[in-house]
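Please open the structure in the viewer and keep the sequence at hand.

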Amino acid sequence: RDFNERCAQCSEVNWGLTDGGGYYCRSCHNVIERTREVVNTDFIANSRVQTISKDSKKQEKSEGGSEWYICEGFQLVLKKQVEALEALGVHPQMKDEILCNFWRCYLQKSKQAYCKRPAAETVKTLSVCESSTDVDSDPERPSILHLLSLSESEGDLQTDCSSFASSVSKVSESTSVYSGSVDGSLYLMKNQKEKLRMTMPMTLSFCYMALLWMREPITLSEFLRFVVEGHIPYLNVFEHFPEKMKLCGLDLKIFCVESWPVYEEVFNKMHELAAYLDLPRFPDITESCFLHPDMLCMKYLMEANLPDELHNWTCRVVKKIGIGEVDFLTLMPGNKSTRKVKYDVLAAAVIIVVLKLLFLLDDRYEWLLSEFAEERNKNNTEGGPYFEFKRWYEVVKHSLDVKQKKLDEERAKYLWRCEKPLFYSVKKKSKVLKRRQMVVSLQNQFGKLSGSVQRAKKPNPSSFQLSWSEENADGSCFHGHSLKGVLQEKCGLLTARNPDYWLCTVKLCNEKLCGHLAHYREVEFPQSYHFVLGLFSFLLRIQPSYIHDEVCMIEHKLFNKKLYKKLKYNAVLRK
């Protein structure tokens with residue numbers, strides 16, 4: 001009663017006190033930093049309790065665990081992921097300002113917090129009705145990112161107790177038997193078609209959305225690769241949960257991940273999230289940004305061990321078809337007229353189109369050019385060596401095969417079972433730990449007998465999976481090689497010697513209906529094209545068909561006028 005300031009969030013004067021003497025708004029559940037200076041410890045008999053206190057017996061249950069909600073579990077996951085990104089060099093502003101606000105907005109939109117009736121309070125109220133006397137609930141439960149304060153006002157508790165009393169037994173059984181969290185069983189049962197339900201892949205979508213807003217120099221493919229390599233918590237992330245947050249039943253179904261993150265799923269969910277949250281236009285992607293095609297083409301040319309001179313050609317293609325424009329690259333949530341840009345896939349597709357322009361990649365012309373360049377390099381004593389496609393193919397293929405084999409072995413040997421054993425009873429804790437210790441001991445003994453090498457320490461994350469040095473004496477680095485063998489000067493401009501070009505497809509499919517702009521079948525395309533596609537598929541860790549889609553899109557933008565004339569001519573002939 002002595003505190004009459006208006007709430008900064010809802011402008012109401014309706015304050016309650018937490019156990020710690022802090023103030024919280026009963027209307028919108030906003031918790032402020034101010035605390036009560038004088039605490040009256042006198043007890044007046046038969047008076048109504050104004051503060052909501054903890055039920056230690058109920059909170060500890062019989063397992064030593066505390067009450068927690070599913071959204072708090074996801075908060076902890078997001079916290080661990082963003083801290084890992086900060087360790088990789090991401091600006092701290094991403095956690096404190098960007099991701100924090102995105103998460104708050106999501107909780108408010110999904111009515112889980114920051115609203116008059118948080119959805120999770122229904123479950124909490126039912127448990128309050130089930131309890132006996134003056135002990136209600138805790139308005140200041142431990143919140144992982146300090147964003148939630150799921151509390152109840154005095155009047156609301158009376159209303160909920162009378163309206164939901166008939167459902168107490170059903171909900172109490174479902175929340176205690178089938179899950180360790182308060183709302184775990186109801187989380188998967190209730191119909192949430194009208195809103196995005198939080199899942200583990202969506203935590204990655206949240207992080208990537210924040211990275212994109214910050215314009216950090218991390219692409220989605222690189223971000224997911226860091227996740228798979230274990231640099232960012234995702235697989236078995238519940239190992240980081242506090243001991244009091246017990247997971248069992250449906251909680252494990254929600255937080256346990258038994259599959260690798262999928263590029264398309266994370267990408268599409270990110271766009272759905274941005275539209276669902278009604279986010280404004282994202283910061284502009286300009287030429288100086290890392291996500292601009294010119295920048296990313298330079299990175300992938302280096303990683304693919306291709307000549308530096310190809311960058312001039314990629315820049316020309318980007319400028320020619322307008323995919324380097326700010327409006328094309330910048331995300332505008334909810335705008336269905338604009339195409340969703342996959343920055344890394346787009347840059348890889350530009351490089352492939354340039355290689356087709358210069359080398360044709362038809363399993364014939366590129367080998368003829370290689371023979372010509374090989375002869376010139378034997379007699380050439382001045383300047384840099386001519387680029388040999390055949391030699392480049394042999395060097396890159398060998399390195400790619402080694403990396404691919406290593407990756408396949410690591411994925412095959414990956415233990416999906418977490419190292420930290422899960423136990424839900426204090427009585428069974430010693431038995432579970434002893435059994436786990438026995439399993440580890442047996443694994444080590446069989447490993448020594450079979451001669452298998454112990455897993456090495458996790459290497460430091462790197463932006464490059466394939467590295468090439470010009471200092472190598474074996475000539476395996478092609479960065480400084482010249483393209484003179486495939487170019488000719490015409491009207492003061494360098495053009496390709498061969499004027500021919502073959503299209504991947506003449507007509508694009510409807511992406512909304514088919515899921516792809518074009519269909520990719522390996523047997524229908526030259527092996528050289530398939531190899532280049534496979535190279536960038538490995539670097540980006542996505543299916544070759546998605547890169548093939550972007551190649552077809554770029555080709556149709558590049559040859560739009562010629563294609564239109566050809567299709568119009570064919571239509572006239574049919575008539």
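Two strands pair if DSSP finds at least two bridges between them; strands (E, at least two residues) and helices (H or I, at least four) are DSSP runs, numbered from the N terminus. The model is a predicted one, in which local features need pLDDT of at least 70, side-chain atom pairs count only at pLDDT 80 or more, and totals for chains, interfaces and linings use all residues. Residues are numbered from 1 along each chain as its sequence is written, and side-chain values use heavy atoms, with hydrogens and water left out.

K490 lies opposite L493 of β5. The two strands form a hairpin with 2 residues between them, and C491 in the turn has a positive phi of about 60°.

Next, select residues 343-359 and 527-540. Helices α15 and α20 pack here at about 160°, their axes 11 Å apart. The two are therefore roughly antiparallel, a term for angles over 145 degrees. Display the side chains at their contact (heavy atoms within 4.5 Å): α15 contributes D344, V345, A348, I351, I352, L355 and K356, while α20 contributes Y529, V532, L533, F536 and L540. Of these residues, 10 are nonpolar, none is polar and 2 are charged.

Finally, select S399, in helix α17 (residues 389-413). Is S399 buried or exposed? With a relative accessibility of 17%, S399 counts as buried, the limit being under 20% relative accessible area with a 1.4 Å probe and protein chains only. Leaving aside residues up to four places away in sequence, S399 touches L466 and W468.

Technical notes:
Axes are lines fitted to C-alpha atoms, for helices over the stretch in contact, and angles run from 0 to 180 degrees between N-to-C directions. Angles under 35 degrees count as roughly parallel, over 145 as roughly antiparallel, 65 to 115 as roughly perpendicular and the rest as oblique. Ala, Val, Leu, Ile, Met, Phe, Trp, Tyr, Cys and Pro count as nonpolar, Asp, Glu, Lys and Arg as charged, and the others, Gly among them, as polar. Buried means under 20% relative accessible area, exposed over 50%, partly exposed in between (1.4 Å probe, protein chains only).
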